[in-house]
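Here are my notes for your first look at this protein. Please keep the structure open beside them and check each point as you go.

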Amino acid sequence: MTAAQTYRDRCAQTYRELPQEAAVTVLHFDSPMSDDERRQRLFAGDLFVYSPTPHSMALVAFARQMVETAFVPHFPPEAQHHLAGPDYVRVLADLKPRFINHPRSAELVRGMLSDLGADPAQTYFDVPRLRTMTSEYLNAGLTLQFESHRDTWFSAPMSQLNFWMPVYDVAESNVMAFHPRYFDTGIPNSSRDYNYAEWVAHGRTSAAQQVHAETRRQPAIERDLEPEPDLRVVTPPGGVLLFSGAQLHSTVPNTSGRTRFSIDFRAVNLRDVQARAGARNVDSECTGTTLGDFRRATDLAPLPADLIESYDTVPA
Ligand SMILES: [Fe+2]
């Protein structure tokens, strides 16, 4: 028996020994677990954190190069203190799509998936997004602060996994927060009004026009939550946080005085999509699917059209 097998058996044993009703969130750090087992744990609500990998560091370096060129002569996390709102938004409106659509970004994501043990022939990913969270400055459109949500309210499949990493140093006052008590507990929300195809047709394109107030309709919670205690993970730049798209998470109001720059992307495994595996759906009622956006890590092929179609429900 190899050391990795022994480790896996021990983990499985420990997991089985937990009482069924225990509200436990396990955070695995630099785990050697296989991708297949890791996905099962993610679907059960566990979180995984990895030290920077060669390709995550290359992606961070690539992002920094683009961001620093765009905000020259300002240090990007400080640039918000030097630019008027509309000028700041103009820089982002040009920068974000260039990063998202750059072939080098996708190439580095593929490298990261390999670094982290995902099978490239089975793994499909969506383009990496560059996100900014200004500190007590703008809160709409391209700098929108996301209220508590699950990605699965936004037409993501229940098998979606999210990868997140900071581009510059972060602190507990400008990262993401998880609300683990709600992983298995449904919350009244307006996802029933969301259809991805409609959003693409009408909502997303107007992001750059939203500077001070957010008017686009997004799925949101419909009653007060108990957001605390929450869980925040602070890693060095390029450190990777991996979680289920069904995790309830939010952006912490940024009071750090510095803009947070982060990169995130989503991935699915073909076998999970085919088997409709994933986290349990406790409260998502949206229609449609984002699966058409995913590309295979080996050759950028899309998922089979009939499979995407089988997820592409329409509003009642
Ligand atoms: Fe999210």
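1. Start in strand E10 (260-269). Ser262 of E10 is the bridge partner of Pro166. Strands here are DSSP runs of E with at least two residues, and helices are runs of H or I with at least four residues, both numbered from the N terminus. E5 and E10 pair in the antiparallel sense, over six bridges. To count as paired, two strands need at least two bridges found by DSSP.

2. A word on the source. This is a predicted model, in which local features need pLDDT of at least 70 and side-chain atom pairs count only at pLDDT 80 or more, while totals for chains, interfaces and linings use all residues. Residues are numbered from 1 along each chain as its sequence is written.

3. E10 has other partners too. Strand E4 (residues 129-133) pairs with E10 over five bridges, in the antiparallel sense. There, Arg129 stands opposite Asp264. E3 is joined to E10 by three bridges, and these two strands also run antiparallel. Phe125 has Ala267 as its bridge partner in E10.

4. Is E10 enclosed or open? Nine of its ten residues are buried, so E10 is largely enclosed by the rest of the structure. A residue is buried if 20 or more other C-beta atoms lie within 10 Å of its own, exposed if 12 or fewer, and partly exposed in between; the C-beta atoms are placed from the backbone. By this rule, 38% of the 316 residues of the protein count as buried.

5. Now the core. The largest nonpolar core has 46 residues. Such a core is a set of buried Ala, Val, Leu, Ile, Met, Phe, Trp, Tyr and Cys residues joined through C-beta atoms within 7 Å. Ala63, Phe125, Leu242 and Ala267 have the most contacts inside it. Elements that each supply at least two of its residues include helix H3 (54-71), helix H4 (85-101), strand E5 (161-166) and strand E10. Apart from this core lies another, of six residues, among them Met158 and Tyr182. In soluble globular proteins, nonpolar side chains tend to be buried together.

6. Setting aside residues up to four places away in sequence, Leu242 touches Leu42, Phe48, Leu161 and Phe163. Touching, or contact, means that the two C-beta atoms, placed from the backbone, lie within 7 Å.

7. Leu42 belongs to helix H2 (residues 35-43), whose buried residues are Arg38, Arg39 and Leu42. These cover an arc of only 100° around the axis, which puts them on the same side of H2. The arc is that of the directions from the helix axis to the C-beta atoms. Their cover includes E2, E5, E8, E10 and helix H7 (270-275). After H2 comes Gly45, with a positive phi near 105°.

8. Gly245 sits in the loop between E8 and E9. Gly245 is buried, with 26 other C-beta atoms within 10 Å. Which residues does Gly245 contact, leaving aside neighbours within four places in sequence? They include Arg150, Ala156, Leu161 and Arg266. Ala156 is 89 residues away along the chain, yet the two C-alpha atoms are separated by 7.4 Å.

9. Finally, check the open sheet of three strands, ordered E7-E6-E9 with antiparallel pairing. Strand E7 (231-232) and strand E9 (249-251) stand at the edges, each with a single partner strand, so one side of each is left without a neighbour in the sheet. Phe178 has Leu231 in E7 as its bridge partner.
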